[in-house]
Amino acid sequence: MRKFFYSRLAIMNIKKSSKTYVPYLFTYIGTVMMYYNMYFLAVAKDIGSQSDSQSLRQMLFFGAMVIAIFSVIFLFYTNSFLIKRRKKEFGLFNILGMEKKHIARVMTVETLLITLISLVVGLLAGILLSKLMILLLFKIISFHVSFGFEIPAPAVISTVLLFSGISILNLTYNIFQVYRSKPIQLLKGGNVGEREPKTKWILASVGLLSLGIGYNIALTTETPLAALNRFFLAVLLVIIGTYALFTAGSVAVLKMLRRNKRFYYKANHFISVSGMIYRMKQNAVGLANIAILSTMVIVTLSTTISLYVGVEDVLRTRYPRDVMVDAANVSEEQISRIDAVIERELAASKMTPKNGFRYRSMEWMTIQDGNHFTAAQKSDFSRSQTAFLLLIPLEDYNRMEKRSVSLSSGEALLYPLRGKIEGDTISFNDFRLSIKERLSSLNTRGELNGMLINSYLVVVDSVDTILRINRSLEGNESAMKNLSYHYGFDVNGDRDQKINLINTLRSEMKKITENHNVDGIESSRDSFFTLYGGLFFLGIFLGLLFIMATVLIIYYKQIAEGYEDRERFEIMQKVGMSRAEVKRAIRTQVLAVFFLPLVTAVIHLAFAFKVITKLLNVFNLTNIPLFAFCTAITILVFAGFYVFVYILTARTYYKIVSFVSG
């Protein structure tokens, strides 16, 4: 072989296949750039080393890992498409006398060129954009922007190692494909799917069952804790169901339509159904990928946008007052000292409290069986019957809610924060209370609405009753003999004054009890913006990555279908169909199949809506109308983008098909 023969042949092959290689190259460069930038942000010195920064770094590292895993799967998938399209070319080389080891050398040079170009251009673009990325991140999370420019060596090394590994994996797969195939198999490689697909009823049934169970889990999950435990199982089942139904279920349905003679033997139905049977066999996996990616784009963007937009709601849910003071297991004498400290510090700061509430309470983690409660052990906390009980004395409730309710020793007021209690009684082992009134709202302490499990507030006549319930639940004289104390209030003053007051109260509370917590909106605002802003940034980043993957898969699907449909439509013209009829058949099939993944994604999202709202509860977002609005807008924008991509890629499809049929 002459010197540089393989290099010249490799370059010529890439140029000849530019229609498929150029999008692949751009995608490869894009993934390199995105991975470098995410890794760069995770290790950038500008982010600092404070506790908020560490949680942000962990989040960005998680994002980098997601991009890495996605890059491996996605680039391997697109590479398998490319090698499939080129099998005929390699078969021809083999028949003309080129041995398989020579073909492997050509493939190696091609892979080296693609990898080198992608790494160099991707890294340069990533480095150039890195400052812009960190400025955007800092803008979102309200961090201080610093001057300077850095190129972290770990980010560069990690990027080179990851994508070199992906290229080696792809090259190994490609060489294996060529070595295991005979020349005649390579020549027919692009036409393997010409035979009619068989109906795989078992796979279709598995798909239907998986999807049904996944949807059922999503619809019947009632608490955020249960959502955390079940969500990924539901996602896994829905993904399995989607792939199975696209590959086997669609063919089964189309064949059932074909067996219906009254429906099938009509011009439009005949062409559409027979064409789509072949189309689903060849592109079912690609369509399922698009459906899953579309769902991921919509879920990722809608949740992170709603969290970021609703961060003020989240803060108010978590901190219903500017200053929140909580102390556990405190005596009446300690409560008096806490009140005195708060009054003294407010006077010293020249701040006036307003909208205040105070109450004593005792809390338990319990196991609920209908209207009966028993104390839970730590090992029970993940059980679905786990319930949170909060008991407060009537005196404190009447003061907070400005009411004058009276209760006898065996009566209670019940406010179900989350969950349900049937009947007119509630029992704690052998202690029973009669429910005098069910409360419909509780305005004084909103953060209780963000509880992750079934939770109930019970108002009883006195502290003595609470202590009796404690003895009944614990079974003996528990060490927890005192109640907790909660004091919340708003104050006038600017942000710094409120933060100073909180810090001072924290210092003073240490002198009274170790079991305390003093917090508020202003002192937590930065942490929340760091967390939710980081999630928002991650959502945008991953959303763009998924969109890029969706576009490439759509593009390759159009090319693949174009080449496969070209001969089919030529035959239709030869048997007497007019060009207009052929075009109409093309349009019907393309539209039906192309928008099927988008419709599937919207259906998935509709079923997942409830369980996602439960998960958002974990992040203290209880504003469901806001999430619904963000989801609707995201679907509309994504659908518009989807149509735009269709118009662009459809041109390529029609050019390929019309090359013969036109």
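This is a predicted model: local features need pLDDT of at least 70, side-chain atom pairs count only at pLDDT 80 or more; totals for chains, interfaces and linings use all residues.
Helices α4 and α5 cross in a right-handed sense.

**Packing of α4 and α5**

- Helix α4 comprises residues 87-95 and helix α5 residues 100-141; their axes come within 9 Å and cross at roughly 135 degrees.
- Angles over 145 degrees count as roughly antiparallel and those from 65 to 115 as roughly perpendicular, so α4 is classed as oblique to α5.
- On the α4 side the contact is made by Phe90, Phe93 and Asn94, and on the α5 side by Lys100, Ile103 and Met107.

**Packing of α13 and α16**

- Helix α13 (residues 332-348) packs against helix α16 (residues 495-509) at an angle of about 145 degrees, and the two axes are 10 Å apart.
- The crossing of α13 and α16 is right-handed.
- Helix α13 contributes Ile338, Val341, Ile342, Arg344, Glu345 and Leu346 to this contact, while helix α16 contributes Leu501, Thr504, Leu505, Glu508 and Met509.

**Aromatic rings**

- A pair of aromatic rings is described by the distance of the centres and the angle of the planes.
- The count of aromatic pairs in the model is 28.
- One of these is the stacked pair of phenylalanine 357 and tyrosine 359, with 6.2 Å from centre to centre and 25 degrees between the planes.
- Both phenylalanine 357 and tyrosine 359 are buried.
- Phenylalanine 373 and tyrosine 456 form an edge-to-face pair, with a centre-to-centre distance of 5.7 Å and 70 degrees between the planes.
- This pair links distant parts of the chain: phenylalanine 373 belongs to strand β3 (residues 372-375) and tyrosine 456 to strand β8 (residues 454-460), and the two are 83 residues apart.
- Phenylalanine 373 and tyrosine 456 are both buried.
- Elsewhere, ring pairs join Tyr21, Tyr24, Tyr28, Tyr35, Tyr39, Phe61 and Phe163 into a cluster.

**A charge over a ring**

- Arginine 358 places its charged end over the ring of tyrosine 487, at 5.3 Å from the ring centre.

**Asparagine 398**

- Asparagine 398 lies in helix α14, which spans residues 394-401.
- When residues up to four places away in sequence are not counted, asparagine 398 touches Arg403, Ser404 and Val405.

How values were computed
Residues are numbered from 1 along each chain as its sequence is written. Side-chain values use heavy atoms; hydrogens and water are left out. Rings of Phe, Tyr and Trp (its six-membered ring) pair if their centres lie within 6.5 Å; planes under 30 degrees apart count as stacked, over 60 as edge-to-face and the rest as tilted. Buried means under 20% relative accessible area, exposed over 50%, partly exposed in between (1.4 Å probe, protein chains only). Helices (H or I, at least four residues) and strands (E, at least two) are DSSP runs, numbered from the N terminus. A charge sits over a ring if NZ of Lys or CZ of Arg is within 6 Å of the ring centre and within 35 degrees of the ring normal. Contact means heavy atoms within 4.5 Å. Axes are lines fitted to C-alpha atoms, for helices over the stretch in contact, and angles run from 0 to 180 degrees between N-to-C directions. Angles under 35 degrees count as roughly parallel, over 145 as roughly antiparallel, 65 to 115 as roughly perpendicular and the rest as oblique. A crossing is left-handed if the near helix is turned anticlockwise from the far one by less than a right angle, and right-handed if clockwise.
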